[in-house]
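Open the model in your viewer and keep the selection panel at hand. Each stop below says what to select and what is there.

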Amino acid sequence: QVQLVESGGGLVQAGGSLRLACATSGFIFDIYQMNWYRQAPGKQRELVATVTMSGRTSYAGSVKGRFAISRDNAENKVFLQMDSLKPEDTGVYYCNVDVGRVYWGQGTQVTVSS
């Protein structure tokens, strides 16, 4: 069974950094694109970053230059390094993969205070 487990969220001041991790199991990690989404209260879930099988990355304009997605195929993990955090980055961050069926982790809360 596919499982995604996020960790690393927390409370941080504006300008600070957090590193999120997503531990995965139940599928052949190496061949799938991995994604990070986030959802703020009262807002739609939005795509934040993607990393392909080959390591190619893509970012939402709002986080470009501040966030970096990466993957460790040896550990079946995907990471999201978040620097220069802003209050508007606050939300629940989710790891996601489409293996023919879409899977989501439980999410990890990120709160950025001013």
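Contact here means heavy atoms within 4.5 Å. The model is predicted.

**Stop 1: N96**

Select N96. Strand β9, residues 91–98, holds N96. Now show what surrounds N96. Setting aside residues up to four places away in sequence, N96 touches L4, Q33, M34, N35, Y37, V102, Y103 and W104. Is N96 buried or exposed? N96 is buried, because its relative accessible area is 5% and the cut-off for buried is under 20%. Turn to the side chain of N96. A polar contact of 2.7 Å runs from there to the side chain of N35.

**Stop 2: N35**

Move across that contact and select N35. N35 sits in strand β4, residues 34–39. Its relative accessibility is 7%, so N35 counts as buried. Which side chains make polar contacts with the side chain of N35? One is that of Q33, at 3.0 Å. Another is that of N96, at 2.7 Å. Beyond four places in sequence, N35 touches L47, A49, T50, Y94, C95, N96 and V97.

**Stop 3: Y103**

Go back to N96 and step to Y103, one of the residues N96 touches. Y103 belongs to strand β10, residues 102–104. Y103 has a relative accessible area of 16% and is therefore buried. Colour the residues that Y103 touches, again leaving out those up to four places away: Q1, V2, L4, C95, N96 and V97. Then draw a distance from the C-alpha atom of Y103 to that of S113. These two residues are ten apart along the chain, and the separation is 30 Å.

**Stop 4**

C95 has come up as a residue touched by N35 and by Y103. Select C95 together with C22. How many disulfides are there? The count is one. The disulfide joins C22 to C95, with 2.2 Å from S to S. The pair links distant parts of the chain: C22 is in strand β3 (residues 18–25), C95 is in strand β9, and 73 residues separate them. Look along the S-S bond. The angle about this bond is -85 degrees, and the link is left-handed. C22 and C95 are both buried.

**Stop 5: β3, β8 and β7**

β3 runs antiparallel to strand β8, residues 77–82, and six bridges join them. Next, follow β8 to strand β7, residues 67–72. These two strands are also antiparallel, joined by six bridges. Here S70 stands opposite F79 of β8. β7 and β8 form a hairpin, with four residues between them. Stop in the turn at N76, where phi is positive, about 55 degrees.

**Stop 6: the core**

Finish at V78. Which residues have the most contacts inside the largest nonpolar core? They are M34, W36, V78, L80, M82 and Y93, in a core of 27 residues. Two or more residues come from each of β3, β4, β5 (46–51), β7, β8, β9 and β11 (108–113). In soluble globular proteins, nonpolar side chains tend to be buried together. Show the surroundings of V78. Apart from neighbours within four places in sequence, V78 is in contact with L20, A21, C22, F29, M34, W36, V51, I69, S70, R71 and C95. Both cysteines of the disulfide, C22 and C95, are in that list.

Conventions: Residues are numbered from 1 along each chain as its sequence is written. This is a predicted model: local features need pLDDT of at least 70, side-chain atom pairs count only at pLDDT 80 or more; totals for chains, interfaces and linings use all residues. Side-chain values use heavy atoms; hydrogens and water are left out. Buried means under 20% relative accessible area, exposed over 50%, partly exposed in between (1.4 Å probe, protein chains only). A polar contact is a pair of N or O atoms within 3.5 Å; within protein, one must be able to donate a hydrogen and the other to accept it, and residues adjacent in sequence count only if both atoms are side-chain atoms. A disulfide is a pair of cysteine sulfur atoms within 2.5 Å. Two strands pair if DSSP finds at least two bridges between them. A nonpolar core is a set of buried Ala, Val, Leu, Ile, Met, Phe, Trp, Tyr and Cys residues joined through side-chain atoms within 4.5 Å.
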